[in-house]
Amino acid sequence: MLAVVALAEPVRAETGIGEIWRQTHWGESSDALLRQFGADADRLPRALDFGDSYVEVVLPREPIGGVPMVVFFQMDKVSHGLKRIQFERPRHAVNPPAFRGVLAGLHTDFGRPNQVCAIPVLPASGYQAAAEALWLRDGAVISAIFRDTTLQAFEGCLFGPATGSCGLTGQLLVRIGPSDGDGDPCRLETHLHP
């Protein structure tokens, strides 16, 4: 993970993640988001369930570090206000170069991460290896997560496509939420210093 962060630093990448975050307000409604983002936003025909939240509004192609991502505005199920913003790469396009591009974009917007974590392959992590970079900025937590979702995660995307399945079984996402919203995102981690 340290090598990935180090490789991302020299790359200069334009990203709109900071702008999207500044244009939104925690607790605002889906209708307000649609008005704010206009023709760039799509209202889904049916809400997507994200466990503690749901999504009605998406931005289908927002680049971070030159890597196209889908933006999901996650709404709290109780208050129906904006709870979290999640940028996610389509699963068929998840790979280490995309993660490096996203990290470069986040580095451009937010500087060096406050924390870098490696989540090992353990029963508590669902046998899924992951790498995460975490920024604490202006009362928010920004986390970039690169997760291998194969059962044999040690053979998958994080350490090279040994099984030939890298890009089909990975997950790449960036989450922005209030600092009091989701707790410690690196709870199963091995801490590394950026």
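Which residues are linked in a network of salt bridges?

## The salt-bridge network

In this predicted model, the network of salt bridges links Asp52, Asp76, Lys83 and Arg84. A search of the whole structure finds 5 salt bridges.

Lys83 takes part in a salt bridge with Asp52, at 3.4 Å from N to O. Because Lys83 lies in strand β4 and Asp52 in the loop between β1 and β2, this pair ties together parts that are 31 residues apart in sequence. Lys83 also meets Asp76 in a salt bridge, here at 3.6 Å. Asp52 is partly exposed, with 34% relative accessibility, whereas Asp76 counts as buried at 17%.

## Helix α3 and its surroundings

Helix α3 covers residues 30-37, and its buried residues are Ser30, Ala32, Leu33, Leu34 and Phe37. These buried residues pack against helix α2 and strands β1, β2, β3 and β4. Just after α3 comes Gly38, which has a positive phi of about 55°.

Asp31 forms a salt bridge with Arg43, and their closest N and O atoms are 2.3 Å apart. The pair connects helix α3, which holds Asp31, to strand β1, which holds Arg43; the two residues are 12 apart. Asp31 is partly exposed, at 42% relative accessibility, and Arg43 is partly exposed too, at 41%.

## An aromatic pair

The structure has 4 aromatic pairs. One of them is formed by Phe99 and Phe146, which are stacked, with 5.0 Å between the centres and 20° between the planes. Phe99 is in helix α4 and Phe146 in strand β7, so the pair ties together parts 47 residues apart in sequence. Both Phe99 and Phe146 are buried.

Note on methods. Residues are numbered from 1 along each chain as its sequence is written. This is a predicted model: local features need pLDDT of at least 70, side-chain atom pairs count only at pLDDT 80 or more; totals for chains, interfaces and linings use all residues. Side-chain values use heavy atoms; hydrogens and water are left out. Rings of Phe, Tyr and Trp (its six-membered ring) pair if their centres lie within 6.5 Å; planes under 30 degrees apart count as stacked, over 60 as edge-to-face and the rest as tilted. Helices (H or I, at least four residues) and strands (E, at least two) are DSSP runs, numbered from the N terminus. Buried means under 20% relative accessible area, exposed over 50%, partly exposed in between (1.4 Å probe, protein chains only). Contact means heavy atoms within 4.5 Å. A salt bridge is a side-chain nitrogen of Lys or Arg within 4 Å of a carboxyl oxygen of Asp or Glu.
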